[in-house]
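Please look through the two chains below before reading on.

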Amino acid sequence: MGMTVSEKILAHASGRECVQAGEIIWAKVDCAMMDDLLGPRVEIADNLETMGVPVWDPEKVVIISDHYTPPANIKQANIVKYTRDWAAANGIRNYYEFAGPCHQVMMDKGHVLPGTLVVGTDSHSTTYGALCSFGTGIGSTEMSGVLATGEIWLKVPASINIRWDGKLRDGVMAKDISLKTIKAIGHSGATYKTMEYRGETIRGLNMDERMCLTNMAVETGAKAGLIEYDEVTAAYLKENFNITGDFSRFNADADAVYSGTFTFDAETLAPQIACPHEVDNVFDIDDIDRVRVDQVYLGSCTGGRYYDLKMAADLLRGKTVAPGIRVLVSPASRDIYNRCMREGILETLAEAGCTILCSTCGACLGVHSGNIGDNEVCVATTNRNFLGRMGSKSSGVYLASPLTAAASAITGYITDPRDFLKGA
Amino acid sequence: MVKGKVWKYGNNINTDIIAPPESIELSVKDAAAWSMRNVDPVFAGAYKSGDIFVAEHNLGSGSSRETAPLMLRELGVRVLVAMDYARIFYRNCINVGMIPVECPETNKIRKGDIIEVDFAEGKIFNETTGETYLCNKIPPHIVGIMEHGGLIPYLMAEKIGKKQIH
C-alpha cells in the first residue's frame, strides 16, 4: 500500500521502511525549536534538571526570542534575558532575538529541510510543511522530553487530501485559500490528522504563499500541513541555501490512502474574511455587512512575508490610509524587513501613512506593540481571531489577506481589494 | 475513579480563554487567577480542588501554551471531560499529570451536577440526573504515561533510566 507524505517522513524519522496511519512510533527529531514565551522558562529548564541529563544535541536545537521582543515591561525583559542566558549556558549556538517571528526565522536561516521532523513550542510550527518538512507544535513538557532524548512518540496521522485547481484571480491571495480551506474543514475537522495540499493552484504558489497555507493548518486542529517537494521547493533551496538534492522521495505515492479528499476551484474564489471569534467563521467578502475598522495589522508569521508586503505596497502606492485609523506593519523577519527596505516597499507603506514596527509576534497575540481597546475592530493578516486575542475581550479581530488589509486601510472599513484593481 | 462537582462550558474553550495573553508573562501561580476570566470571571476564584472541568467540542484549541493546563492544574483541576480535544492540549494535559477524558455526551452534563468519572472502566455516572455516559477508552501507551504521573517520570523510568543501564 502506498504512503502519504506524513507516512513517508515519519517512516524515515522512526528508521522504518513503512509506517501506516494509526501506528504509535518513537521518532527521532531533526530539529527542536523553542521560543521565549513557552521555551526554557515554562517547565523545560526545571524538567531537564529533574531528569539530570544535558540537551541531547545542542546543534539540533534552535531558540528564538520573538514574542517578547522588544520587551514591553520588566517581566518580559527578564523572560528574554532568561531565555538568552539559558541558551548560552546549554551550548545552544542557534539563538536569535529581534530576528522576527520564529517560524520565518527558522525558514530564513535554513533550519528546515524537506523530509525532516521538526518540533516547536509554538503551535504554528506546521509552517515548515511548506518545505515538505513534518513540522508540529508541542508543549513545554513534551519539549523537555525531546531535549533529553532526541525522540518523541507520535501516532502516525491519517491525512486529508486538499486539492486546489485553477488560477487565482487578481486580488485573491494564498490567505484566501487558507481561510476557505479552514471553513470547509472546520476548526477541529483535522484534529489528529495531517492536511496535504496539492493541485495546480498549489504548484503555482511561491514559497511565501505556501507558508501562509501550512502555517494555518493548525487552525483546523491538524498535526501538520504539508506541501510536496517540487520545482518551487527546489528553486527555493538552491537560491537561498545552495542545496541541490532531490527530495521527491518524500512525496506521496499514487496509491496513498487518505481519510478524505476536499477539492476546490481557485477560479471562483473571492477574498475571504474570518469574523470574530473563530478562525472557521469565514465569509466571502461580499457577504459581510459594512464593518468600520480602528486598526489594520499587516504582519506575523502568517501574513508579513516579502510577497505579502509587496502586494500591500503595490495597492497602497500613492494613496493614504483613512483618517482616524492606525495601520501597523511588522515584517515577518529582519531579513524580510531589510529586503523590503532595500526595495522601497517600507518607504511606500510609510508614505501612505503606515507605522513600520520591528519584526515581532507582539500585537498578533496581544502582548505588546499594538493591542486593541474596548469595542475596537482590527483587520489583521494574522492567524487567530479568538476572544481577546489582540487585546480587550470586547474587541473584534477579522482575519484577511494582505491585499484586503491594505484596501481596508485606505477606506477605513473592510473592503474588497478588487475594488481598487478594476480598470487599473 | 473521581467524584466531584461540575464546572460546565461549551465548544471551543481555546487556549486564549484558558490562559489569556496578559497572563502568560506571569508565573503559573500568579497567572492562574486569570484563567477563563473572559468567559467566566468567577471560575478562578471559586474552583475547588476535586471539582471536575467539563466542556463540549474542541477543548483547548489554539496555542501549544502549556500554561493553559498548568494554570488549570494550579487551580485544582485534575480531571477534565470533553467530547473531544485539540491535540496539543490533550497531550499537554497528560504530560503534566492530568486526566483528559473523552465523552461524547457532555452536552447532557450541567453546571453543578455531581458526577463520578471512572476512567479505567470508561464510564461517567451523573449522580444528579441518574444518567450514565460511556467514555472513550484511554489508549494503553497513554495509560502508561498517566500511571507514572506524567511524561517526565515516565521518561525517567522507561527511557533515560534504561539508557543509563546499557
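**Notes on the predicted model**

1. Among contacts in chain B between residues at least 6 apart in sequence, 62% join residues at least 24 apart; two residues are in contact if their C-beta atoms, placed from the backbone, lie within 7 Å. This is a predicted model, in which local features need pLDDT of at least 70 and side-chain atom pairs count only at pLDDT 80 or more, while totals for chains, interfaces and linings use all residues. Residues are numbered from 1 along each chain as its sequence is written, and chains are lettered from A and ligands numbered from 1 in the order in which they are written.

2. Chain B has seven helices and seven strands. Helices (H or I, at least four residues) and strands (E, at least two) are DSSP runs, numbered from the N terminus. Along the sequence of chain B, the pattern is β-α-α-α-β-α-β-α-β-β-β-β-α-α.

3. The radius of gyration of chain B, taken over C-alpha atoms, is 16 Å, close to the 15 Å that the globule rule gives for 166 residues, so chain B is as compact as a globular protein of that length. The globule rule is 2.2 Å times the number of residues to the power 0.38. The C-alpha trace of chain B spans about 55 × 40 × 25 Å along its principal axes.

4. In chain A, five strands form an open sheet in the order β4-β3-β2-β5-β6, with parallel pairing; two strands pair if DSSP finds at least two bridges between them. Its edge strands, each pairing on one side only, are β4 (94-97) and β6 (134-137) of chain A. Within this sheet, β2 (residues 31-35) and β5 (residues 117-120) of chain A run parallel and are joined by three bridges. A:A32 has A:V119 as its bridge partner in β5(A).

5. Which strands are joined to β8(A) by bridges? Five bridges join β8 (residues 159-165) to β9 (residues 194-198) of chain A, and six join β8(A) to β11 (residues 260-265) of chain A. Both of these pairs run parallel. A:I162 is partnered with A:Y197 in β9(A), and A:N161 stands opposite A:T261 in β11(A).
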